[in-house]
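Subject: Structure handover and findings

Dear colleague,

I am passing on the structure we spoke about, and would be glad if you could look it over. My notes follow directly below it.

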Amino acid sequence: MLRTLSLTAALSLLAVSALFAQDTTYPKRSYTTTSIGDTAAPKIDGLIDDPAWDLVEWTTDYVEFQPDVGTPPTEQTKMKIVYDQKNLYVAFKCYQEDPATIERRMGRRDDFPGDWVEINLDSFGDDRSGFSFTISASGVKGDEFISENGNFDDSWNPIWYTDVNVDDEGWTAEIRIPLSQLRFGNDHEQVWGLQSTRRYFNNEERSLWQPLPANPPGWVSEFGELRGLIGLTPQKQLEIQPYTLAQLDTYEPEQGNPFRDGQDTKFTGGLDAKIGVTNDLTLDLTINPDFGQVDADPGAIALDGFEIFFQERRPFFVENKNVFDFRLGGGADNVFFSRRIGRSPQGGTTARASRGEFVDVPINSTILGAAKFSGKTKDGWAIGILESVTARSVAEITLTDDEDVLASIDELGEEREEVVEPLTNYFVGRMQKDFNDRNSYIGGIFTATHRNMEDRLNFLHSHAYSGGLDFKHNWKDRKYYVEGSAVVSTVRGSKEAITRTQRSLTHLFQRVDAGHVAVDTSRTSLSGTSGRFEIGRQSGDWRYNFGGNFRSPELELNDIGFLRQADDIRQYANVRRFWNRPTSWFREANLGVNQFTSYDFEGNYNRIQYEINGFVNWKNNWFTEVGAAHKPRIFTNTFLRGGPRWRFSDENFFFIFSGTDQRKRLSGTLGYVHSDADNLDFQFRRYVLRLRYQPINSLSASLNVEYEQNPNKTQYVTQTSFGETPRYILGEIDNESLSTTLRVNYNINPNLTIQYYGQPFIFKASFTNFNYVNDATAEDLSQRVTWFDEQQISFADGLYSVDEDRDGTTDYAFGDPDFAFVQFRSNLVLRWEYIPGSEIFLVWSQGITGLGDPSNDFNTIIDNQLLQQRPQNTFLIKATYRFVL
């Protein structure tokens, strides 16, 4: 209790101190451009010697932002901007006393290597969104869409042109941005937001054209102004990008299986298009999209049974994904999760190997087509609409082609097709409206999933809907804010489908000690709610927020969203202090204190956690990040998969990560995470090693190794019964995992790159000392569970038999839970952007996935299950061409 009071008092003291924090403000700058008229357009060669540049003056006086905010930069920068009716032209002059020290490292697009300079444009004029164009001293391009006043999304890939040059005063850059790639209104005279940033690599220094205080309340809202834009005609974008693809898969043939004869081929094509419906609204279309060049998901195992969240990687869904974002607060929970579209088929088949049958199930549902309508109007309406249709997926079942096997089977199967995923329509609509001089907004979202149901798939929802409202209000120059949201969801389907949802791990209405929920097998619909509220300070040396969120027991979003667990009420508080003025021993630092508690809708007090963490960027540009937490109360409703609420022992953990100067040719990071429960009821250890090496400007490699150990005396195994009494079987688990990720990038030039990605992943778990739950909420572990002795449990032929009452008769049995999982994924991609927006990909992918022998050590598993196995190989050639009409 004293610990709770002391930390709450500390949080309150920090918050009160933050109220008196003072911030530096800078006047808003303005730059006036002009049209080049009849003057010849600048030639984009990096030389800045064209007559058009003489029409305007240089703007300069950049001010340092990091590390020593508000001071003159080590090296100054100049910028010019002119335009015509089709393009915006930008010139930069980046002074450097010794041009030999200019860092011209290569990298793939959006890699931001070495020295660079960028321009940000708020052509919407909404103080929340914008476009960013970056050019490095080596000629590498970076482009990002800015949303939510500071979220940078590098999935945006517009067509634009640039070149650089090094001279005896430093380096220069020229940029041509087609106006068709921007969105703006049709006013005769326009004012855009403008910002420019330069990275001076030698000092790891950032300087800004529009000076900002440390920890500003936002990014776009603090821009200066670009004036002189007169008579611009909005360009309605029309781009069509067809693709063709040839693919060959090779793998170990499976004897007797006609679907696995050793190789498969595929020839296909598709189309992407961008259509400017108006000057500020765009329609994106895709027909039969292919994502063959996308990296595979990393290996992962979840012992808690929950779905693992993986980031979206497919270009069509990644681009402008922030438009559709609607988070529930904390974690990955979101009303819209695009990976539901085109997911693996959910249905099984009736194929039986005993009847000589083999089955071919599609890996993913086919996306027949998808469309996105998005943009922002001059009246402050942000709009996003997504529509997608996935095809009816069918599994083919046929008989083995091994005649000897067929001759030995009494009852033969038959060739047939079975539906494993219905034709499905997905819809998402998202809107937000700015008001109050763009200091506030209110928005909404609506999603709908419709399935063309078939008898075998009655376990799926036929319809799923969700809707939500959100708002945010900023005041006092955006230093302070309040925001919130509310969500409702409804799913419909057969009694089987709704019963299945009630029993799922997300809901667990069947929990034996829950008085507020119960499974109703007659229901054909389920409706739930969620809400969130937060207030805080978002700028200055002190930042803090206080808030809470809830998810009702019946909330269900997983048809088109992501929801890990319903039935949760959470309160949180966070306070952080920043030190941005360099001292004799650090460049910048911050320290934060966090606290949260959680309850369920029955009023059970389930969890409280306190954490302190900090970060220091040392004077030599090394860094250290540390943190520690105390969890004096840990209860969970999901651990026993429908059994009673379970108590974990009190836990304490700490972590420390430290790294060298990331600018160096060779840099590294070491990390360690350490967690222990009381009486060592469970432990967690994570060891992290990250290395990055760039021996020459065109070649870089990175290695990330993570090794984890997570022993636990009470890992869930299964549920059975002892007479009329349910038995929740647990075991002492000794599990460890090893993951290694290697990336190699070779940049022949900024538009021609070779990239390699490879990741082996090994997970091994072995069980001993089995026990069963006695009193799930007891404070002491010895009262929480009862261990089996040698006279009660025996093992033979992969089965544990339990004679609990020692009468010589087996009371129940369960299978051996030991397992090892092995996965290897690699991807070698040659990418050539032969003209802006048009690309050729040559891809070689390899993969191994399977189960290993848990009795082996890691070295043996690597040798037997990885090195000795024949991987599946995929070779593909993909070519795209972007027509700009």
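The notes below cover a helix, a pocket and several salt bridges.

Please bear in mind that this is a predicted model, in which local features need pLDDT of at least 70 and side-chain atom pairs count only at pLDDT 80 or more, while totals for chains, interfaces and linings use all residues. Residues are numbered from 1 along each chain as its sequence is written, and side-chain values use heavy atoms, with hydrogens and water left out.

To begin with the helix, H6 spans residues 858-867 and has Phe858, Ile861, Gln865 and Leu866 as its buried residues (buried being under 20% relative accessible area, exposed over 50% and partly exposed in between, with a 1.4 Å probe and protein chains only; helices are DSSP runs of H or I with at least four residues, strands runs of E with at least two, numbered from the N terminus). Viewed down the axis of H6, these buried residues fall within an arc of 85 degrees, so they line one face of the helix (the arc is taken from the directions from the helix axis to the C-beta atoms). They pack against strands that include E37 (699-709) and E46 (838-852), where contact means heavy atoms within 4.5 Å, whereas the face turned away from the buried side carries the exposed residues Asn859 and Leu867.

Turning to charged pairs, the structure holds 47 salt bridges, each defined as a side-chain nitrogen of Lys or Arg within 4 Å of a carboxyl oxygen of Asp or Glu. One of them joins Glu239 to Arg882, with the closest N and O atoms 3.3 Å apart. Glu239 lies in strand E15 (residues 238-250) and Arg882 in the loop between strands E47 (872-880) and E48 (883-884), so this pair ties together parts that are 643 residues apart in sequence. Glu239 is buried at 2% relative accessible area, and Arg882 also counts as buried, at 13%.

In the salt bridge between Asp325 and Arg327, the N to O distance is 3.5 Å; here Asp325 is partly exposed at 28% relative accessibility, and Arg327 is partly exposed at 44%. Arg685, which is buried at 12%, forms a salt bridge with Asp676, with the closest N and O atoms 3.0 Å apart. Finally, a network of salt bridges links Arg355, Glu357, Glu411, Arg416, Glu418 and Arg456.

As for the second largest pocket, its volume is about 450 Å³, and of the 23 residues that line the pocket, the closest to its centre are Thr25, Pro217, Ser221, Glu222 and Asp477 (a pocket being an open set of points on a 1 Å grid over the protein atoms alone, where a 1.4 Å probe fits, with protein on both sides within 12 Å along at least five of seven lines, and lining residues having an atom within 4 Å of a point; grid points are joined across faces, edges and corners, and the volume is the space filled by probe spheres set on the points).

With kind regards
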